[in-house]
Structure formats: structure tokens, C-alpha cells
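Subject: Structure handover

Hello,

Here is the structure I promised to pass on. Please open it alongside this email. My notes follow below.

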Amino acid sequence: WTATTAPDGTVYVGTGNDGQVLAMRDGTVKVLWDSEELQVHALAWHGDALLAGTSPDGKVYRVTPQGTATVFFDPEETYVWSLAVDRQQQVYVGTGGKGRVYRLPRAGGTATRIFEGPAANVTALHVGEGGDVLVGTDSPGRLYRVPASGKPFALLDGPY
């Protein structure tokens, strides 16, 4: 479902059906973390650990390089489809069931909802250099910009 690269060059891949995170480096592949979830939909590197967004229970886990996982964020939604991390190491979580985006401080804790749109799923997130968050949704397929001021607006309204 997803992949990201750590600062040391290790590539991490999130899988479906088995809900695993695989670590790939120098031609070697190993299971870093075998979750109890069915799918790992989103990965993002965060400080010295990996964040993994899962379904169907919709949690974000913090996974150490040794494979130890703890819950970082547990939203009310069913799916975590997307993750992004900004320069200050704040975490952005895109959910499904209700298409919302949450922002969390570096250490986790209290989440702030920064976006809720008409779509069921937030499938893509990107944080720009200036702090604007790009939010991609499906059904309807739209691209939104959420500026630091907080008032989202549509950039693209696709037919699907």
C-alpha cells in the first residue's frame, strides 16, 4: 500500500492482508513489524521512528527501528489512509470513513482537526515548505490546500 525511506536509506513498505511493515536495505528484506491490523496504508518517518497508519481499526502506530510498536494516535475513524510530517515534526493524519485531517504535536497527544470535507477518504497528504497542507480525497476526487491560516479551498475538482 505504501512506502517511505528513512534517513539511513532503509526503505519501509506497508502491506495489505498481513498488515506488515517490511524493511529493505542492501538487498535484504525483513519483517520489521507484524501488526494485528489487516492493512498498513500509510508510512512516514518521524524523528527516530516510523509512523504506520492502519485499518480496519484506524490507528497510527510509532514503530522503532527494532520493531517495537506503540499507539501514537487513535482517531474515531475506521481507516488511516495517509500520513505526513512537517519540518517541526508535527504529524498530519488523513482518515477514511469520514474524510478528516488531524494535526498532532511531535510527541503525540491532543489532535487538532484541520480539515473535514465531503469525501469519505483522505488518500493523500503533503506539507509544503510554507506549512500549507495539500489534501487529496476520493469520491469526490479533489485536491485541497489548507493554508496555515486554516481556511481550506479546492485547487482541483476531478470527475472521479
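In this predicted model, Arg-142 stands opposite Asp-157 in S16. The two side chains also meet in a salt bridge, at 3.2 Å from N to O. The pair links distant parts of the chain: Arg-142 sits in strand S15 (residues 142-146) and Asp-157 in strand S16, 15 residues apart. Arg-142 is partly exposed, with a relative accessible area of 24%. Asp-157 reaches 51%, so Asp-157 counts as exposed, the cut-off being over 50%.

S15 and S16 pair in the antiparallel sense, over four bridges. Together they form a hairpin with six residues between them. Gly-150 is in the turn and has a positive phi of about 100°.

Leu-156 is exposed, at 51% relative accessible area. With Phe-153 and Leu-155, Leu-156 makes a nonpolar surface patch of about 270 Å².

Salt bridges

How many salt bridges does a search of the whole structure find? The search finds nine.

Take Glu-76 and Lys-98. Their side chains meet in a salt bridge of 3.5 Å, N to O. This pair also links distant parts of the chain, 22 residues apart. Glu-76 is in the loop between strand S8 (69-73) and strand S9 (79-85). Lys-98 is in the loop between strand S10 (91-96) and strand S11 (100-104). Glu-76 is exposed, with a relative accessible area of 60%. Lys-98 is partly exposed, at 39%.

Then take Glu-116 and Arg-100. Their salt bridge has its closest N and O atoms 3.3 Å apart. Glu-116 lies in strand S12 (residues 112-116) and Arg-100 in strand S11, so the pair ties together parts that are 16 residues apart in sequence. Is Arg-100 buried or exposed? Arg-100 has 6% relative accessibility; buried means under 20%, so Arg-100 counts as buried. Glu-116 is partly exposed, at 41%.

Both of these pairs belong to a network of salt bridges. The network links Glu-76, Glu-77, Lys-98, Arg-100, Arg-113 and Glu-116.

The open sheet

Next, the sheet that contains S1. This is an open sheet of four strands, in the order S1-S2-S3-S4, with antiparallel pairing. The edge strands are S1 and strand S4 (28-34), and each pairs on one side only. The twist averages 25° from one strand to the next.

Strand S3 (residues 20-25) pairs with S4 in the antiparallel sense, over six bridges. Ala-23 stands opposite Lys-30 in S4.

Thr-4 is in strand S1, which spans residues 2-5. Thr-4 is buried, with a relative accessible area of 17%. Which residues does Thr-4 touch, leaving out those up to four places away in sequence? Thr-10, Val-11 and Tyr-12 make up one part of the list. Leu-43, Ala-44, Trp-45 and Leu-50 complete the list.

Tyr-79 is in strand S9. Tyr-79 is partly exposed, with a relative accessible area of 30%. Tyr-79 and Pro-56 are 23 residues apart in sequence, yet 5.7 Å apart in space, C-alpha to C-alpha. Not counting residues up to four places away in sequence, Tyr-79 touches His-41, Thr-54, Ser-55 and Gly-58, as well as Gly-94, Thr-95, Gly-96 and Gly-97.

To go through the model in order, begin with the S15 and S16 hairpin. Move on to the salt-bridge network that includes Arg-100 and Glu-116. Then turn to the open sheet of four strands. Finish with the contacts of Thr-4 and of Tyr-79.

Best wishes

Methods: Residues numbered from 1 in each chain as written. Predicted model: local features only at pLDDT ≥ 70, side-chain atom pairs only at ≥ 80, totals over all residues. Heavy atoms only, no water. Patch = residues over 30% accessible without salt bridge, like charges linked within 9 Å, V, L, I, M, F, W, Y side chains within 5 Å. Areas by Shrake-Rupley, 256 points an atom, 1.4 Å probe, with all protein chains shown as cover. Salt bridge = Lys/Arg side-chain N within 4 Å of Asp/Glu carboxyl O. Buried < 20%, exposed > 50% of the residue type's maximum accessible area, 1.4 Å probe, protein only. Helix = DSSP H or I, 4+ residues; strand = E, 2+ residues; numbered from the N terminus. Contact = heavy atoms within 4.5 Å. Pairing = 2+ DSSP bridges. Axes fitted to C-alpha atoms, helices over the stretch in contact; angles between N-to-C directions.
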